[in-house]
Protein chains: 2
Amino acid sequence: MSIATSVDEDLRHALAHPDDSEVAGLDAWWRANNYLTIGQIYLRANPLLREPLAPGHIKPRLLGHWGTSPGLSFVYAHVSRLIRRTGQQAIYLAGPGHGGPALVAAGYLEGTYSATYPAVPQDENGMLRLFRQFSSPGGIPSHVSVTTPGSIHEGGELGYVLVHAFGAVMDNPDLLAIAVVGDGEAETGPLEGSWKGVSFLNPARDGAVLPILHLNGAKIAGPTVLARKDPDEVRALLHGHGYDVIEVAGDDLPGMHHRFAAALAQAWGRIRDIQRAARSGSWDGSRPRWPLIVLRTPKGWTGPESVDGVTVTGTWRSHQVPLSGVRDNPAHLELLEKWLRSYRPEELFDSAGAPVPLVTSVNPEGDLRMSASPHANGGVLTRDLDLPDFRDYAVDVDAPARVRAESTRKLGELMRDVYTRNPDRFRLFCPDETNSNRLGAVFEVSDRAFMERTTADDVAVSRDGRVMEVLSEHNCHGWLEGYTLTGRHGMFATYEAFAMVSASQTVQHGKWLQEATRLPWRARVPSLNVLLTSTAWRNDHNGFSHQGPGLIQVVLTQRGDVARVYLPPDANCLLSVADHCLRSRSYINLIVIDKQPQLQWLTMDEAIAHTARGAGVWEWAGTDDGSTDPDIVLACAGDVVTMETVAAAQILRERLPALKVRVVNVVDLMTLVRPKDHPHGMSPTLFTELFTDSVDVVFAFHGYPGAIHQLVHGRPDADRFRVRGFIEEGTTTTPFDMTVRNRASRYHLVMDAINNARRLPRGAADLKAWCEAQLARHEQYVVEHLEDLPEVRDWALGDWATRG
Amino acid sequence: MSIATSVDEDLRHALAHPDDSEVAGLDAWWRANNYLTIGQIYLRANPLLREPLAPGHIKPRLLGHWGTSPGLSFVYAHVSRLIRRTGQQAIYLAGPGHGGPALVAAGYLEGTYSATYPAVPQDENGMLRLFRQFSSPGGIPSHVSVTTPGSIHEGGELGYVLVHAFGAVMDNPDLLAIAVVGDGEAETGPLEGSWKGVSFLNPARDGAVLPILHLNGAKIAGPTVLARKDPDEVRALLHGHGYDVIEVAGDDLPGMHHRFAAALAQAWGRIRDIQRAARSGSWDGSRPRWPLIVLRTPKGWTGPESVDGVTVTGTWRSHQVPLSGVRDNPAHLELLEKWLRSYRPEELFDSAGAPVPLVTSVNPEGDLRMSASPHANGGVLTRDLDLPDFRDYAVDVDAPARVRAESTRKLGELMRDVYTRNPDRFRLFCPDETNSNRLGAVFEVSDRAFMERTTADDVAVSRDGRVMEVLSEHNCHGWLEGYTLTGRHGMFATYEAFAMVSASQTVQHGKWLQEATRLPWRARVPSLNVLLTSTAWRNDHNGFSHQGPGLIQVVLTQRGDVARVYLPPDANCLLSVADHCLRSRSYINLIVIDKQPQLQWLTMDEAIAHTARGAGVWEWAGTDDGSTDPDIVLACAGDVVTMETVAAAQILRERLPALKVRVVNVVDLMTLVRPKDHPHGMSPTLFTELFTDSVDVVFAFHGYPGAIHQLVHGRPDADRFRVRGFIEEGTTTTPFDMTVRNRASRYHLVMDAINNARRLPRGAADLKAWCEAQLARHEQYVVEHLEDLPEVRDWALGDWATRG
């Protein structure tokens with residue numbers, strides 16, 4: 001499909017054939033980077049080796065990772081040259097965990113590091129600072145981190161480099177994401193599962209990912225599977241994933257510079273061909289075979305070949321610090337000096353300590369430097385979503401509990417119009433459940449993205465689709481992370497229980513956002529919005545494995561500057577919450593609501609007021625008539641338990657009318673926390689207004705009860721909160737039966753209210769007995785009726801609502 | 001490498017060429033299974049279709065999954081035939097999520113279901129019960145679950161079928177695990193990452209896994225990547241993973257029976273060849289190319305081709321219930337009846353409703369029936385470990401805080417000897433960190449398992465190794481699950497922060513164990529032991545991404561009959577805890593302790609008493625001299641915070657000696673819970689003995705503070721617990737600095753003690769000021785010294801210990 005012009009051909013030829021001066025520059029930049037990398041690991045003084053290396057110049061404790069670094073910087077240098085020659089916008093994602101020093105050194109050589117951190121200038125003092133801060137308290141870690149300019153990918157938890165890269169280039173047609181995949185991380189499940197990104201990447205509309213599988217042979221302590229497999233198998237594997245495999249192997253110099261330059265030129269040319277064809281209309285629509293480079297170099301390349309007679313370079317021994325005990329072992333000290341001097345620092349840095357022009361000549365200009373790319377600081381590129389008025393999607397609510405609606409269906413309609421208004425910066429990510437989650441309205445305006453073969457029976461599936469469905473929570477979550485970190489917006493919608501599959505990604509992205517919030521140069525990015533549906537309480541034909549509200553627990557561990565948890569009780573609250581989340585920046589917004597038809601409580605105006613406050617008294621549901629001293633507070637957070645709470649309040653109103661019951665609904669879980677622990681935390685005054693200071697609170701919660709216990713800790717007399725929630729009693733059954741099994745049904749709540757009320761009117765004992773009888777009746781009904789669950793359901797959820 | 005005998009050749013030939021009567025049996029069994037599957041989804045009466053189908057026979061709500069079922073039962077029938085002909089021991093793992101009805105029907109046809117559940121006999125009533133219980137309250141779910149005889153694999157959260165299969169056959173040389181991989185689940189990361197199991201499977205010592213990749217084309221609502229890829233790519237992919245691909249495709253009958261029988265015979269023959277060669281010594285040691293079958297059949301095969309003019313079979317529309325509204329739509333009712341009768345039930349079940357001999361002739365005998373395999377109820381095969389006396393590995397402790405040791409190194413020595421004594425039933429699983437975690441003593445007696453090429457520079461890597469290292473928490477966790485569910489023992493050791501990668505597996509396995517505990521026929525299996533090291537507090541050169549104690553939070557959500565969390569403060573406690581865990585059954589045992597040198601507190605005798613009790617007063621550390629009314633209680637759980645607590649107590653002893661301080665250490669976190677919520681929960685009396693009823697408790701906790709708040713909820717005046725713990729303040733720094741950043745340092749604890757003590761002696765204000773000064777000094781030190789962290793560390797951890 002080559003439609004390259006002759007100018008283009010000349011450029012490609014030049015790219016593939018660097019002349020001697022170019023190779024000299026590449027090699028100098030690379031040597032400078034390696035020198036700076038080793039300096040970070042070892043040196044606390046004498047950074048330019050102006051004097052012979054002495055024990056006092058060596059850090060007291062040697063920490064850091066050498067092994068993967070020279071490969072990372074080698075690739076970086078060559079991509080920089082590509083950028084200079086072509087003007088290609090690119091970002092660099094370092095998959096191997098501990099390539100931190102090489103990427104920091106790259107930013108330093110490009111001048112970005114000093115611009116970002118003026119305390120680390122390009123001179124001798126700055127170099128010393130660069131060295132000393134590494135792996136030190138208050139300094140920087142040995143892996144690429146949030147503090148590294150040009151990074152959108154933390155080299156901590158392994159496996160996500162490709163998902164981040166694919167997410168970054170979606171709707172980002174001019175961007176090339178260079179994704180270096182380590183052979184250690186290539187063993188992880190998430191990484192293996194992420195090669196398939198090409199099956200969802202549209203060359204006309206999206207940018208490109210160039211994976212570089214770096215097989216250096218070893219991980220921390222042993223060999224890697226891919227490095228030791230027959231190379232034929234590795235080729236077959238990657239071919240099977242859909243790639244065009246280009247291979248470069250060796251450690252000879254300058255030969256490797258020539259061969260890698262040629263490989264990179266070939267890959268880039270291929271990418272350009274694919275993109276030009278797709279964008280010029282001469283594309284048959286089939287999935288392109290994108291290029292991929294397999295790079296085989298020795299682990300710790302250019303490091304000491306052997307130490308104390310044992311091979312180091314090329315083995316796992318070079319993973320961290322190849323030379324240990326340097327302060328006390330003169331032979332090791334000598335070896336280190338020889339190693340450092342092998343890069344000829346005097347040719348690389350001038351007398352002031354700044355990199356010389358031969359080195360800096362490799363750097364691209366301005367924002368094209370990968371360490372300075374605005375794509376890697378996506379907040380600066382973020383344009384707010386053009387959002388429709390969420391009130392237009394409201395469910396008409398005359399009075400509470402009159403109407404049933406599938407709340408998420410309304411959100412789907414809103415998202416449909418968000419898609420229409422923002423064709424370049426919003427996507428929904430979902431593991432094959434968009435319709436199941438009642439969000440299918442989006443398919444009125446966008447198909448599912450799919451680059452493999454389609455058939456006549458497919459519905460809403462095409463290469464032009466922008467709804468991302470893949471049966472992989474890891475891909476969905478990771479793509480959304482990459483998408484938002486580069487400045488676009490989205491939502492990840494998934495089944496509540498299986499949100500735990502990607503819980504570690506939620507944790508890690510939360511950590512990224514927490515750390516970024518403290519770096520003034522990192523502009524705030526769109527929030528990571530996670531919608532959980534198909535909740536623990538309503539799983540119908542699914543069993544216990546599908547019932548688990550664990551992600552709430554996980555998000556609660558994050559700091560208050562990032563974590564947000566919303567439990568809208570109905571559609572209008574959901575719409576208001578979603579609007580807020582889609583406008584927000586740099587949060588993890590967790591929204592939990594079921595997809596099944598559910599009773600609607602609030603008008604849109606009420607919902608807006610309620611969600612803005614985050615929690616409030618539902619006076620119409622209670623019987624305390626605004627008094628300041630109810631006998632009991634019934635609180636709730638979450639849709640099903642809200643229904644049970646309102647039902648319990650109704651039972652009490654009808655059967656024990658003298659009991660003053662206050663009903664409080666909580667939408668924004670973080671309002672429960674003390675203000676010093678979370679910015680959404682209610683003031684003490686407001687907390688007392690809602691919950692009093694001393695009246696017992698029966699709290700029906702969607703998730704594990706312990707969550708509420710920990711949230712209200714420190715509030716006045718927190719012991720008075722009696723929490724009902726999901727206590728790991730699950731099975732195939734109705735929502736109402738689930739509330740019974742977990743002791744959170746309306747009858748349990750009524751009995752709790754009676755057991756804990758400050759003051760009991762006559763008739764309370766009878767009502768308790770009546771509740772017991774209702775529960776017994778339910779048990780009997782379940783036993784007798786087996787498959788007739790709809791009747792159970794309707795009986796359980798229906799009869800009181802008609803009287804509401 | 002064929003060394004087959006001629007008898008063997010005959011058998012193979014016969015296997016590959018079923019005669020007409022065999023095909024008739026296979027087809028009858030399959031039809032019976034399909035009939036029972038559809039019955040489960042649709043029927044509440046008239047199970048044998050003795051009368052024309054009427055609306056009243058149809059369930060009021062249609063739930064369940066048809067799409068994957070016919071493929072699963074087709075394979076099942078053929079494997080049963082293989083077993084009958086060969087005597088091969090096999091278990092069946094159904095990866096596709098919702099094949100529940102087919103597997104339940106298989107057990108029913110084999111008689112196992114009725115033997116397990118006498119309420120569901122092989123007669124008309126039993127069949128009705130089978131149908132009615134499906135997807136009903138108190139019944140069974142639509143996916144394979146714990147209640148399904150013959151299963152070790154819950155079809156809930158997708159992606160783990162191969163890890164379970166590989167774990168099941170390790171050290172299980174006679175077992176064949178048939179692992180059907182759905183093309184939906186094949187999109188998940190964990191599944192993609194688990195094909196590489198063959199790179200760790202030793203044919204001489206381990207059994208075999210036969211993966212059957214079932215490409216039926218669709219998942220819930222759309223096409224799958226593997227089904228729509230060019231078949232060449234699928235072949236390349238699987239070849240690249242190391243398999244010998246055998247393909248069967250179509251929907252013609254009886255042709256498919258013949259072709260699948262031939263494929264299965266070929267696969268089994270190949271497995272036998274590999275095993276015989278390996279076991280007879282004629283193996284060159286290279287990784288065999290294990291067979292794998294790619295089976296392409298239409299989704300919903302044998303179901304209604306189209307409904308209302310829309311194609312159903314072969315599309316996503318057959319995923320769940322292909323015919324809806326059957327009660328109200330006479331055309332659909334007619335179609336359902338026609339569909340059910342297409343299997344000719346009158347030929348399959350006798351007048352009483354039992355399967356006829358033509359059907360049951362396919363069933364293997366006794367325990368060879370896959371639904372009756374003892375391997376799938378591993379507790380019945382479990383032999384306790386032959387454990388050395390853990391006291392032999394004790395660290396000598398004369399007095400608290402005199403000795404430092406790497407506690408996990410002692411555990412490694414214990415495990416080394418567990419390996420030696422139990423060469424067939426114990427393995428350690430670890431993502432490439434065995435040495436890093438100081439467990440390397442195991443390499444004295446076992447290498448790492450590795451079937452790919454090894455080199456001279458490899459250390460402790462060989463095909464005979466039984467230490468399982470792969471850089472995939474998913475593989476490690478899942479292999480251990482499969483290993484324990486089939487009755488063997490093991491431990492998963494991993495970095496604390498990255499334990500969240502497999503948190504969903506911990507959750508799902510916990511759910512399995514919780515549910516199994518309630519099924520009397522499921523014998524208790526060895527516990528899942530998880531050791532977390534490299535904890536949040538001691539990550540040296542790693543940064544914030546490596547710091548997260550989240551898995552504790554996750555395990556706390558499990559029920560008390562399964563969840564166990566231990567925080568041993570030193571080596572002797574760790575040994576005692578580990579011994580207990582290795583003897584236990586059916587728990588999730590989470591053990592958290594760091595790997596770095598740490599102060600040792602207790603003699604072995606003290607450690608045994610302390611861990612048996614789970615929590616206790618450390619009188620030597622406090623100053624309340626056994627009085628019942630201390631002024632403050634300093635409690636702690638976790639190694640680093642224990643050190644800070646003891647240090648705080650020492651500061652108070654020295655500088656505020658009149659303050660009565662009690663020090664309580666908690667090893668078994670669950671002792672804090674009320675006895676009604678956890679069997680380890682301390683009695684109220686004991687709780688009061690330790691914590692009093694009213695004195696404030698300053699609790700230094702290893703994990704997130706909220707965990708303690710939720711655990712002590714309901715204890716007397718729980719509000720008095722002031723918890724310090726990990727509050728998401730992380731970076732590259734020393735352990736001591738971590739405690740400062742998280743406000744859990746000895747100085748913070750002293751100030752907390754002063755702020756909350758019942759009674760304050762003179763000098764308290766001065767001591768608070770001194771603490772502030774110490775913290776200021778620390779801040780200054782960090783700022784000034786940057787990379788000199790060892791000094792910071794030694795200063796921080798050392799100075800008081802020498803006076804201890």
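Two residues count as in contact here if their C-beta atoms, placed from the backbone, lie within 7 Å. Keep that in mind for the whole tour. What you have open is a predicted model, in which local features need pLDDT of at least 70 and side-chain atom pairs count only at pLDDT 80 or more, while totals for chains, interfaces and linings use all residues. Residues are numbered from 1 along each chain as its sequence is written, and chains are lettered from A in the order in which they are written.

**Stop 1: a helix pair in chain A**

Select residues 407-421 and 571-583 of chain A: these are helices α15 and α19. (Helices are DSSP runs of H or I, at least four residues, numbered from the N terminus.) Where do they meet? A:S407, A:K410, A:L411 and A:L414 of α15(A) touch A:A571, A:L574, A:L575 and A:A578 of α19(A). Sorted by class, those contact residues are six nonpolar, one polar and one charged. (Ala, Val, Leu, Ile, Met, Phe, Trp, Tyr, Cys and Pro count as nonpolar, Asp, Glu, Lys and Arg as charged, and the others, Gly among them, as polar.)

Now turn the view to look at the axes, which are lines fitted to C-alpha atoms over the stretch in contact, with angles from 0 to 180 degrees between N-to-C directions. The two axes come within 8 Å and cross at roughly 35°.

**Stop 2: A:K410**

Stay in α15 of chain A and pick A:K410. Is this lysine buried or exposed? A:K410 counts as buried, because there are 24 C-beta neighbours inside 10 Å. (Buried takes 20 or more other C-beta atoms within 10 Å, exposed 12 or fewer, partly exposed in between, with C-beta atoms placed from the backbone.) Leaving out residues up to four places away in sequence, its contacts include A:Y393, A:V395 and A:A405.

**Stop 3: α21 of chain A**

Jump to residues 639-655 of chain A, helix α21. Here 14 of the 17 residues are buried. (The expected span is 1.5 Å times one less than the number of residues.)

**Stop 4: α2 of chain B**

Over in chain B, select residues 20-42 for helix α2. Since 18 of its 23 residues are buried, α2(B) is largely enclosed by the rest of the structure.

**Stop 5: both chains**

Finally, show everything. 114 residues of chain B contact 114 residues of chain A. On the chain B side, that makes 34 nonpolar, 47 polar and 33 charged residues.

Methods: Helices (H or I, at least four residues) and strands (E, at least two) are DSSP runs, numbered from the N terminus.
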